[in-house]
Amino acid sequence: MSFFGFGQSVEVEILLNDAESRKRAEHKTEDGKKEKYFLFYDGETVSGKVSLALKNPNKRLEHQGIKIEFIGQIELYYDRGNHHEFVSLVKDLARPGEITQSQAFDFEFTHVEKPYESYTGQNVKLRYFLRATVSRRLNDVVKEMDIVVHTLSTYPELNSSIKMEVGIEDCLHIEFEYNKSKYHLKDVIVGKIYFLLVRIKIKHMEIDIIKRETTGTGPNVYHENDTIAKYEIMDGAPVRGESIPIRLFLAGYELTPTMRDINKKFSVRYYLNLVLIDEEERRYFKQQEVVLWRKGDIVRKSMSHQAAIASQRFEGTTSLGEVRTPSQLSDNNCRQ
């Protein structure tokens, strides 16, 4: 970035020490495009250089100080004037004075806490960035560089299956089960649906993955639902006693880890939405929340092999076991 003042201009650039070896990750911008940024994790050191290149070698640059900041902040789109900073670190690189030639300043933020994952949503953005500032009497010269942070989790100690019995009295009675309640972002959802009573002419059934973004507090709470995926389970009428298998690969979808009450500003939750459509185009649905988490990059077996193992373990059960109290499927009641 250049500043044009009285006889001198300067271009500021931020360079990371490990730029050549550090991994980059794709991240969605506000306008929906995907760009690659340097990837960091919680506790990693952020170090590099701030380079100042003078445009006019024969003239000096007066300044009121040079600094670099590491900032983590949340921006709510309906309140763009306020940036909520949850990480703010500052390093002074030079005292007020003058620069007569191009120069570079080293910086290091050691073991930086990065508690939340980078996120760009419908109504909120959580970002991390470096900001170098050359203070001037009239206008400061500022250069920012965004980075992306991923939060890693370990395998959940408890990861029970989801079992539920749902229905409409004397019309429809089904049991469904998913093999787990917590899935990593490259996981496979394995399940089955069992029809105990069918007196509705169902023509189509699908599972939707729904992301629900919640921002604000109290009376100013905003909910934004986004259907990430639609997975067709069945096309045609089921009969009593029929069992429908489910196998849904998550790797192909744009998902983030579940985020709950991030800095008391926003949450992101995911739901599996079971949808049934009858011949009269009436829709019946049942939602169930699942937890998504990110695991580290390790050598993994193929996705098909993962699915086969999960399916074998899941289908090895002899019964659906205990189910919850029947709850009514949303939408219209069936006709006798």
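Me: How many aromatic pairs does the structure hold?
Reply: This is a predicted model. Rings of Phe, Tyr and Trp pair if their centres lie within 6.5 Å. By that rule the number of aromatic pairs in the structure is eight.

Me: Are the rings of Tyr 78 and Tyr 222 stacked, edge-to-face or tilted?
Reply: The ring centres of Tyr 78 and Tyr 222 are 4.9 Å apart. Planes under 30 degrees apart count as stacked and over 60 as edge-to-face. The planes of Tyr 78 and Tyr 222 are at 40°, so the pair is tilted.

Me: How many residues apart in sequence are the parts that the pair of Tyr 78 and Tyr 222 ties together?
Reply: Tyr 78 is in the loop between strand 6 (66–76) and strand 7 (83–94). Tyr 222 belongs to strand 18, so the pair links parts whose separation in sequence is 144 residues.

Me: Which domains does the largest pocket lie between?
Reply: The largest pocket has a volume of about 880 Å³. Of its 33 lining residues, the closest to the centre are Glu 26, His 150, Leu 185, Leu 255 and Arg 294. Two domains both contribute to the lining, so the pocket lies between domain 1 (10–149) and domain 2 (162–293).

Me: Which strand gives the largest share of the lining of the largest pocket?
Reply: Elements that give two or more residues to this lining are strand 2 (24–28), strand 3 (34–40), strand 10 (119–120) and strand 18 (222–235). The largest share is four residues, and it comes from strand 2.

Me: How many charged residues are in the lining of the largest pocket?
Reply: The lining of the largest pocket divides by class into nonpolar, polar and charged residues. Its nonpolar residues number 13 and its polar residues seven. The number of charged residues is 13.

Me: Which classes of residue, nonpolar, polar or charged, make up the lining of the largest cavity?
Reply: The largest cavity has a volume of about 40 Å³. The residues that line it are Ile 189, Ile 209, Leu 250, Leu 255, Tyr 270, Leu 272, Val 290 and Leu 292. Strand 21 (266–278) and strand 22 (283–293) are the elements that give two or more residues to this lining. With no polar and no charged residues and eight nonpolar ones, the class is nonpolar.

Me: Do strand 15 and strand 22 pair in the parallel or the antiparallel sense?
Reply: Strands of a sheet pair through backbone hydrogen bonds, either parallel or antiparallel. Tyr 183 has Leu 292 as its bridge partner in strand 22. Strand 15 (residues 182–184) and strand 22 are joined over three bridges, and the sense is parallel.

Me: What is the bridge partner of Val 12 in strand 4?
Reply: For Val 12, the partner in strand 4 is Leu 52.

Me: What is the average twist from one strand to the next in the sheet 13-14-16-19?
Reply: Four strands form this open sheet, and their pairing is antiparallel. Its edge strands are strand 13 (162–168) and strand 19 (243–249). From one strand to the next, the twist averages 20°.

Me: What is the bridge partner of Gly 167 in strand 14?
Reply: Strand 13 and strand 14 (residues 172–178) run antiparallel and pair over seven bridges. In strand 14, Gly 167 has as its bridge partner His 173.

Terms used. Residues are numbered from 1 along each chain as its sequence is written. This is a predicted model: local features need pLDDT of at least 70, side-chain atom pairs count only at pLDDT 80 or more; totals for chains, interfaces and linings use all residues. Side-chain values use heavy atoms; hydrogens and water are left out. On a 1 Å grid over the protein atoms alone, a cavity is a set of points where a 1.4 Å probe fits but cannot get out, and a pocket is an open set with protein on both sides within 12 Å along at least five of seven lines; lining residues have an atom within 4 Å of a point. Grid points are joined across faces, edges and corners, and a volume is the space filled by probe spheres set on the points. Ala, Val, Leu, Ile, Met, Phe, Trp, Tyr, Cys and Pro count as nonpolar, Asp, Glu, Lys and Arg as charged, and the others, Gly among them, as polar. Domain bounds come from an automatic or database domain assignment. Rings of Phe, Tyr and Trp (its six-membered ring) pair if their centres lie within 6.5 Å; planes under 30 degrees apart count as stacked, over 60 as edge-to-face and the rest as tilted. Two strands pair if DSSP finds at least two bridges between them. Axes are lines fitted to C-alpha atoms, for helices over the stretch in contact, and angles run from 0 to 180 degrees between N-to-C directions.
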